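Me: I would like a close look at one part of this model. Please describe that part and what surrounds it in one connected account.

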Amino acid sequence: MSTLAPELAVGPAALPAADALDRALRTASPAEVIAAAVRTLGREKVALVSSFGTESAALLKVMADVDPAIPVIFLDTGWLFEETLAYRDTLIAALGLTDVRSIKPDEEALSRQDPDRDLWFSDPDACCRIRKVEPLARALKPFSAWLNGRKRFQGSARADIPVVEDDGARLKFNPFANVSREEIEAIFTLGKLPPHPLVASGYQSVGCMPCSSRSAAGEDARDGRWRGRAKTECGIHTMKMS
């Protein structure tokens, strides 16, 4: 397992530099990245953010093997497929996760900004902001770092993501930055992980119901998200989580 250089030690008043951590963990395995985050910052200061989507079980499996008590933040937007909610419960039981926190949008914000539940159509960025970005910012307040499942092979804005970065408010670890699609599949196979129920129906990437669609043969997995729009990200990975 990788060990951090002495200069990466962190005191209570400051976080280690993201670029230094990135250099130290550039070739580390996903498990080593997660273990290093916990060792450097403490379990109580690190959270994993998961959508419980089509590939989420792989990262959750690796995390559970390191420490199943690491807090997991799940954004229950109010627009999720019932299959995703059921999959969340299935994985919690299968992996022995002990601290999954389902976070919902602020009801006052919803009633004020999306009373007719059609904001996803008229202004999808605003919909993502009140249903995902703002709730996540609140949920992350107690933490100094968060883990997520982005991969470089997903392309677009994710093609050059580092293993560790600074999101403007805390450290952000990308344990799967370097993994391949084949490695994800191997984790599913070796861990005997159940697939997301919607994979069999042609969904390669699953988010909120109105903004997720089946992918055609030859399409990239995320081509089914916000189909027909220039939008490619919900905002939690492009806005500062302050």
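Reply: Two residues are in contact when they have heavy atoms within 4.5 Å of each other. The model is predicted.

For orientation, the chain holds 8 helices and 6 strands. Their order from the N terminus is α-α-β-α-β-α-β-α-α-α-β-β-β-α. Of the 242 residues, 51% count as buried. Among contacts with a separation of 6 or more, 70% are between residues 24 or more positions apart.

Helix α2 covers residues 30-41. Its end C-alpha atoms are 17 Å apart, which agrees with the 16 Å that its 12 residues should span at 1.5 Å a residue. Because 10 of these 12 residues are buried, α2 is largely enclosed by the rest of the structure. The buried residues are P30, E32, V33, I34, A35, A36, A37, V38, T40 and L41. An α-helix has 3.6 residues a turn, so residues three or four places apart point the same way. Just after the helix, G42 has a positive phi of about 95°.

The cover over the buried residues of α2 includes α1, β1, α3, β4 and β6. Some of these neighbours can be followed further.

Helix α1 spans residues 18-25, and its buried residues are A18, A20, L21, D22 and L25. The cover over them includes α2, along with β5 (164-166) and β6 (171-173).

Strand β1 (46-49) runs parallel to β2, and 2 bridges join them. L48 stands opposite V72 in β2. Both faces of β2 are covered: V72 and F74 are buried on one side, I73 and L75 on the other. In a regular strand the side chains alternate between the two faces of the sheet.

F52 lies in the loop between β1 and α3 (56-66), 22 residues from F74 in strand β2, and the pair links distant parts of the chain. Both F52 and F74 are buried.

Helix α7 has 16 residues, 124-139, and reaches 21 Å from its first C-alpha to its last, close to the 22 Å expected. It bends by about 40° at I130. Since 12 of its 16 residues are buried, α7 is largely enclosed by the rest of the structure. Its buried residues include C127, C128, I130, R131 and V133.

Methods:
Residues numbered from 1 in each chain as written. Predicted model: local features only at pLDDT ≥ 70, side-chain atom pairs only at ≥ 80, totals over all residues. Heavy atoms only, no water. Helix = DSSP H or I, 4+ residues; strand = E, 2+ residues; numbered from the N terminus. Expected span 1.5 Å × (residues − 1). Bend = angle between axes of the 7 residues up to and from the residue. Buried < 20%, exposed > 50% of the residue type's maximum accessible area, 1.4 Å probe, protein only. Pairing = 2+ DSSP bridges.
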